[in-house]
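The numbered points below may be read beside the sequence and the model.

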Amino acid sequence: MLRSLDVILLVFLLVTAVGVVRTKDLLGASIIFSAYSFTMAIVWQQLSAPDLALTEAAVGAGVTTVLFLITISRTVRREDE
Amino acid sequence: MKKGLVVFALFLLWILLVYTVIVLPPMGSPENPTNTHIIPRYLEKGVEEGGAHNLVTGIILNYRGFDTMGEVTVIFVALTCVLAVLGRENILRHTSKAEVSSVEKSVIVKCVVRFLAPFIILFAFYIILHGAESPGGGFQGGAILGASVIIITLTFGFALVAKKLSLKYRVLFESAGPLSFFIAGMVAIFCGQNFLTYLLPCVAHTYQDFVRHLLLIMVEIGIGVGGGAAISSIFLAMEKVEKE
Amino acid sequence: MAEFAHHCPVLMVITFLAGAVLTPIVSKSKKKFSFWWAFFVSLLALLFSSCAVWSLYTKGPISYWLGGWEPPYGIEIYFDYISSITFLMTVLGALIILYSKKYIEHDIKEEKLPVYYTLVLLLLCGMVGFSITGDMFNLYVFLEILSLSGYALIAITEEKLTAMASFKYLVMGAVSSMCVLAGVALLYNVTGTLNMSDMALRLQQFEPIATSYMALCLFVVGFCVKAAMFPVHVWLPDAHALAPSPVSALLSGLVIKVGIVGLLRVIYGIYRLGGAIDFTTVTNFMGWLAAITVLVGAFFAFFQDDIKMIFAYSSISNIGYIIMGISLISFTQPERGYLGMVGGLIHIFNHAIIKSTLFLCAGAIIYKTGFRKLSDLRGIGKKMPITCGALTIAALSIAGIPPTAGFICKWFIVLGAIEFGRGIWAAALLIGAIFVFAYYIKIVNAIFFREPAEPILEVDEAPLSMLIPIVILAISCLVFGVFAYLPLAVIKPAAATILGLPPTYIPPGG
Amino acid sequence: MSVSELFYKLNVNFNYVVAMTLFIIGLYTLISKPNLIKKFMGLNIMETSIFLFIVSSGAIAGGKAPIFGEGVGPETVFVNPIPQALILTGIVVAMSTTALALSLMIKLYEQCGTLNADKLKELK
């Protein structure tokens, strides 16, 4: 049962990663990146690493995404600019 | 053409990498070299030797303390690098990008943040101080601390935060992480032990454990406060724009 | 005293670290004080490093257990012959900080002065930590510390192209750090340990050869990017030419050598010591690429007009020499690689001194005139005789003219390559040397034997704080060439131990 | 190895395979996308993929988080705490690299007015 949850999460990771690559709108891409980080946090909870899940949720999904958003707001929003 | 070549090369690399990882012993088996070599000692004596019920915290602070010193240094380096590239914010000259834009701030956001912010900060300190017993520790708490500063800045404006977290103290907080390791390490060297030893034989036997806890808590708080301050400063330096 | 020497390696790292962290605090009210503080810190570290090196050559390697935990459980600092490069780092660090005083005040805003000195100290901290640590993950952490501060130091001035140069370096550097981390991850999975010597022991016991081989390839790619070898050298010219001159001296003199130290640690400290995997295919490949690197660097340098660009391309060419020297290794007969190894190691040492001299001289000239094109600098030698004299000595050294320091290393590498049966590498090296000679003759000719151009008639000699490091370094270029046995006495036991021979090894025929 | 063995290996080491695939996806983004912000999203994906690999290599089926507290008996199986300690450091390093890269991008945009690598090459 848990194993299938793991597999679903890992496949979802791949999907979000491809989503980050394919999205032309950088704002959307960084939101998807945030989702990727959250999924990673859950994967780590599944691998019995609560410390990492906590850090990834705060740093990967929180701080890094905010830094990406600031940069996008100060520079360009479309990928080809 | 060029893109096709890149995709093809990466595909070959992918096959190579996948081959190198599937020949590894099955994941999750207790007989793997990663799970049999060093770990038994940590599981047996880690709590007693490391001084924390959470083995991860024990390893971070005690067995591999030098790595963690490098880690807090990396945050400090990142902060210094951002300052070197973009410069420090100045309340008189700068304001935030969010304030320049014409988007009205919602009352709901303000109310919610006003209500939640104290609890987030409290939670951050709980995570920092309770890291030895439960999941958490210095850096996790520091990241939450930094995140709380970020949401407060985004809701209540740049000037308030830059003034409240005045540079006079923030400069001290930013260096708290490496400095706390420096102090803990030098205490050990002056006691005749190796750098970053927490169990000091020069202290009377009954107090040894107490001194160790004191040092560990000091280092935890240093990492937390240092990380939080550095994240806030990075954020403020990146968010600032010149006033008209 | 022995007790104190035992602590010295870690104290070096700590001194730089604490010095860097305290710089913004001590210089909060008076920004210019940060120079004196940084200089004091670097002298203190120099004291510790000389003590550690002295202890190394009298009593053998220092193994220091951080926190008192024995090696596979805790982190070990292993101060061996490779780590004696820290002495070079601290000496050059102190000289370059002294040089920075006037140069940087002129180049960047006063409020950024503490940031500059903090970053320089952190860069030195990272390099020293990288060279002394005996733990793979710790190696990665220090690699990141030194790379990050290096990226930022390039972009510290407000000039237009610096951000782009720094960014290029950052992208390639980040990928190479990733490769190193991936290598550490694979090796950790195979061996279950992070300590280098323990890893070497356990590498022979475990089956998946493919994984260990992949890890080796990832390490080699990662460290070769840091060292700027041929296909991945593209970041170096811009980054080293556009950085402020003292930073260029640090980057060219020391930071690219860190990649070499990493290669030595991984190939010789883990894989050769482990002895389970035949890595000569990889080292051969490295050697061929190094031969191409020598030619490419020398060739491009010939067509540059910007004086710092010439030196930057020449760095690429010299990295080729060093990597060629250290990749002359035979898996079964280690003594066959001895001469090449001696040449490679001694070239690490000499190139650091020579290239720092060159960049510091170029910096002094740019500081005084504001020009960096060779065509604008005609006849400068008559106006700045000391600086240009030092520049000439260093130029002759790097071209490998006999009484100077550059000769001895090329001699050893060529001998090693021929003895190893790699005549083509030796030929590449000699062709490269001819190019190098040609373009340094071009520089010397331009600065001494041409009529001064109009705008530089008013120029006079550089200030004393810049001349002192330049003169010291130029004199050492001569001294280590004339008295070549001084560095050789230090290098020979190092080369022998890296190859697994006894430290007192003497090759057949002397 | 035979096909069934290959599938068995792919199944038991699925985490590793996913990690390596993510590594390649990140590398692809870094190499082929012209936008610098996108490149760094790719780099972050690469970093997390290696973290996933290291943490997976310390996992034990049915293992608990390495925290000694209530409900822990002598026969409780714990996962390997070392990878977790390493990756904690790794996450911080990844964030630091990203922060530096993004601030460089802001400066680059102020100076050159674009974040497209192809256009930046032409500017030079």
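1. Five pairs of chains are in contact, and among these pairs chains B and C share the most contacts. Two residues are in contact if their C-beta atoms, placed from the backbone, lie within 7 Å. No contact joins chain A and chain C; the closest C-alpha atoms of these two chains are 15 Å apart.

2. The model is a predicted one, in which local features need pLDDT of at least 70, side-chain atom pairs count only at pLDDT 80 or more, and totals for chains, interfaces and linings use all residues. Residues are numbered from 1 along each chain as its sequence is written, while chains are lettered from A and ligands numbered from 1 in the order in which they are written. The scores of the model are ipTM 0.94 and pTM 0.95. For chain D the average pLDDT (the predictor's confidence in each residue, from 0 to 100) is 87, and 98% of the residues score at least 70.

3. Where chains B and C meet, 48 residues of chain C are in contact with 41 residues of chain B. On the chain C side, two or more residues come from each of α1 (2-26), β1 (62-65), α4 (113-132), α5 (136-154), α6 (162-191) and α8 (209-227). Helix α5(C) gives the largest share of this side, ten residues. By class, the side of chain C that touches chain B holds 33 nonpolar, twelve polar and three charged residues. In this classification Ala, Val, Leu, Ile, Met, Phe, Trp, Tyr, Cys and Pro count as nonpolar, Asp, Glu, Lys and Arg as charged, and the others, Gly among them, as polar. Helices (H or I, at least four residues) and strands (E, at least two) are DSSP runs, numbered from the N terminus.

4. The contact between chains D and A takes 37 residues from chain D and 36 residues from chain A. Helices α2 (14-32), α3 (36-57) and α4 (81-112) of chain D each supply at least two residues of the chain D side. The largest share, eleven residues, comes from α4(D). The side of chain D that touches chain A comprises 23 nonpolar, twelve polar and two charged residues.

5. Chain A has three helices and zero strands, in the order α-α-α along the sequence. Its C-alpha atoms fill a box of roughly 45 × 25 × 10 Å, taken along the principal axes. Of its 81 residues, 54% count as buried, that is, with 20 or more other C-beta atoms within 10 Å of their own; exposed residues have 12 or fewer, partly exposed ones lie in between, and C-beta atoms are placed from the backbone. Among the contacts in chain A with a separation of 6 or more, 52% are between residues 24 or more positions apart.

6. Phe68(A) lies in helix α3 (residues 50-74) of chain A. Is this residue buried or exposed? Phe68(A) counts as buried because it has 23 C-beta neighbours inside 10 Å. Leaving aside residues up to four places away in sequence, Phe68(A) touches Ser30(A) and Phe33(A) as well as Ile37(D) and Leu102(D). The C-alpha atoms of Phe68(A) and Ile31(A) are 9.5 Å apart, although 37 residues separate the two in sequence.

7. The largest nonpolar core has 369 residues, and those with the most contacts inside it are Ala78(B), Val82(B), Phe16(C), Ala152(C), Ala394(C), Leu429(C) and Ile50(D). Such a core is a set of buried Ala, Val, Leu, Ile, Met, Phe, Trp, Tyr and Cys residues joined through C-beta atoms within 7 Å. The largest share of this core, 20 residues, comes from α6(C). Domain 1 (1-37) and domain 2 (51-242) of chain B both give residues to the core, so it lies between them; the domain bounds come from an automatic or database domain assignment. Ala152(C) touches Cys81(B), Ala84(B), Val85(B), Leu119(C) and Leu100(D), not counting residues up to four places away in sequence.

8. Helix α11 (residues 176-190) of chain B is mostly covered, with eleven of its 15 residues buried. Among the buried residues are Phe181(B), Phe182(B) and Val187(B). After α11(B) comes Gly192(B), whose phi is positive, near 85 degrees.

9. Trp288(C), in helix α11 (residues 280-302) of chain C, is partly exposed, with 17 other C-beta atoms within 10 Å. Trp288(C) and Arg422(C) are 134 residues apart in sequence and 9.8 Å apart in space, C-alpha to C-alpha.
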